[in-house]
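Reader: I am new to this structure and would like a guided look at it. Could we go through it together?

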Amino acid sequence: MNPVWIVDDDRSIRWVLEKALAREEIPFRSFSAATEALAQLESNATPPQVLMSDIHMPGESGLVLLQKIKERFPQLPVIIMTAYTDLDSAVAAFQGGAFEYLPKPFDVDQAIDLLRRALEESQHHPEAVEAVTAVPEILGQAPSMQEVFRAIGRLSQSHATVLINGESGTGKELVARALHRHSPRKEGPFVAINTAAIPRDLLESELFGHERGSFTGATGQRRGRFEQAEGGTLFLDEIGDMPAELQTRLLRVLSDGHFYRVGGHTPVKANVRVIAATHQNLDQRVREGQFREDLFHRLNVIRLRLPPLRERREDIPILTRHFLVQSSQQLGVEAKRLTEAAVRHIQTLDFPGNVRQLENLCHWLTVMAPGQMVDVADLPSEVRDSTPASTPVALSGDWLAALNAEADRLLAQSPGDVYDLLNRDFERALILRALASTGGRRVEAAQLLGIGRNTITRKIQELGIDGGKDEAE
């Protein structure tokens with residue numbers, strides 16, 4: 001069998017590739033025209049594993065050959081070569097399903113590497129693709145995400161106000177929608193508004209509506225988001241950026257359940273559950289006088305913290321598979337798959353844009369990666385060449401060297417107590433750092449560490465740690 005077929009009317013190109021393939025001990029067969037290769041296929045010859053073809057040749061072009069090959073063997077990788085590197089040819093090649101577009105003159109070693117990747121691709125049988133609809137609405141196996149799932153479950157019979165904390169891109173609106181879908185108000189509307197994206201002068205009208213003639217341009221009465229969400233849930237995203245004067249009006253709605261439209265004199269009852277979200281530290285903004293303390297306490301009935309992606313790296317493989325399937329279905333193509341090396345590389349990244357950034361990366365790979373199997377070399381350059389912004393200390397070995405030295409010292413001085421002494425110091429350091437990060441709030445510290453609330457409370461008592469707030473978050 002000849003796994004590689006070369007189709008090019010340029011004898012010198014065929015000669016260079018033939019010598020390189022012979023050196024690499026890769027069997028091949030050469031043709032000077034597309035019609036010759038097609039004639040071999042028509043004679044029931046075994047098809048190649050990879051086909052390399054020039055575009056511009058006498059008779060049928062390489063693009064016609066690509067089309068006919070893909071009609072009969074849709075999974076066969078085809079590499080298109082051309083000395084005429086124009087936009088139309090490149091677009092046509094990829095639209096026709098080309099594995100890669102190789103402009104001439106090319107580096108021979110680069111061409112051989114490309115051929116090897118294409119051979120690996122042809123030997124890989126596509127895996128069964130799961131439908132996106134079969135995937136849970138929120139994905140996550142990390143302990144910190146399990147805490148979020150449990151909280152959504154506990155709140156499924158509640159109308160309580162919820163405050164969601166999390167960095168941009170962690171999925172705060174996704175969690176808000178899940179809270180609504182699993183609540184007594186699920187039959188009502190879910191209305192979302194980003195309070196930071198609407199100009200200050202328009203935000204009051206957006207939230208509470210207005211009466212006809214209340215300001216220039218108000219030609220009729222308008223219902224605001226509170227009225228639109230009647231009987232359901234109103235999601236206020238980026239609540240930390242709400243102007244001070246509107247904070248006062250929102251506090252009044254949460255306090256007595258009524259509001260007035262802009263320019264109105266008749267109170268309107270608000271039968272709405274409010275879920276708020278922010279990427280900011282509202283405790284800090286309250287201390288700085290940037291956010292009303294009384295409004296903060298009204299919103300902070302139940303607080304959920306969404307972990308950034310760098311704190312749940314074990315979820316990256318399942319999220320990546322989900323987003324690749326999602327992108328493939330949106331574009332109507334076969335889902336790409338990542339090699340283990342590519343997954344390991346992606347897991348080392350910090351993803352400042354969190355889950356949203358990972359989703360965008362998967363969409364880029366679906367469109368731009370040449371083959372179905374995506375390796376590290378196929379990742380965008382800024383991802384491929386980047387290093388983690390905060391390299392885990394375990395990789396440096398410094399703290400492990402210090403631990404080894406301390407273990408040796410204790411083994412000599414306190415035999416029989418080494419495990420308890422070191423384990424106690426280890427747990428104490430972790431809990432103290434987590435409490436410092438959350439301002440002493442035990443529930444959030446437990447979520448950071450990936451342990452339960454009861455566990456951190458018991459450990460604080462056992463280790464004699466001072467501090468830590470035990471109130472509901």
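This is a predicted model: local features need pLDDT of at least 70, side-chain atom pairs count only at pLDDT 80 or more; totals for chains, interfaces and linings use all residues.

Reader: Which strand pairs with strand 2, and in what sense?

Author: Strand 1, residues 4-7, pairs with strand 2 in the parallel sense, over 4 bridges.

Reader: And what is the order of the strands in the sheet?

Author: The order is 2-1-3-4-5, in an open sheet of 5 strands with parallel pairing. Strand 2 (28-31) and strand 5 (100-103) are the edge strands, each pairing on one side only. From one strand to the next, the twist averages 20°.

Reader: Which strands does helix 1 touch?

Author: Helix 1, residues 11-23, packs on the sheet and touches strand 1, strand 2, strand 3 (50-54) and strand 4 (78-82). The direction of helix 1 makes about 175° with that of strand 2.

Reader: Let me turn to P3. Is P3 buried or exposed?

Author: P3 is found in the segment before strand 1. P3 counts as buried because its relative accessibility is 8%, and the cut-off for buried is under 20%. Beyond four places away in sequence, P3 touches I26, P27, P48, Q49, V50 and L119.

Reader: How many residues along the chain separate P3 and L51?

Author: They are 48 residues apart along the chain, with 8.3 Å between their C-alpha atoms.

Reader: A change of topic, please. Where is T195?

Author: T195 lies in the loop between strand 7 (190-194) and helix 8 (200-208). T195 is buried, with a relative accessible area of 2%.

Reader: Which backbone oxygens lie by a polar atom of its side chain?

Author: The backbone oxygen of D237 lies 2.9 Å from a polar atom of the T195 side chain, and that of E238 lies 2.7 Å from one. Leaving aside residues up to four places away in sequence, T195 also has contacts that include L203, L236, I239 and M242.

Reader: Finally, which residues touch the most other members of the largest nonpolar core?

Author: Of its 29 residues, these are L207, F226, L234, L236, I239 and F291. Several elements each supply at least two residues of this core, including strand 7, helix 8 and strand 8 (233-237). Helix 10 gives the most, with 4 residues. Another core, of 21 residues, lies apart from it, and L309, L319, L324 and C362 are among its members.

Terms used:
Residues are numbered from 1 along each chain as its sequence is written. Side-chain values use heavy atoms; hydrogens and water are left out. Two strands pair if DSSP finds at least two bridges between them. Axes are lines fitted to C-alpha atoms, for helices over the stretch in contact, and angles run from 0 to 180 degrees between N-to-C directions. Contact means heavy atoms within 4.5 Å. Buried means under 20% relative accessible area, exposed over 50%, partly exposed in between (1.4 Å probe, protein chains only). A polar contact is a pair of N or O atoms within 3.5 Å; within protein, one must be able to donate a hydrogen and the other to accept it, and residues adjacent in sequence count only if both atoms are side-chain atoms. A nonpolar core is a set of buried Ala, Val, Leu, Ile, Met, Phe, Trp, Tyr and Cys residues joined through side-chain atoms within 4.5 Å.
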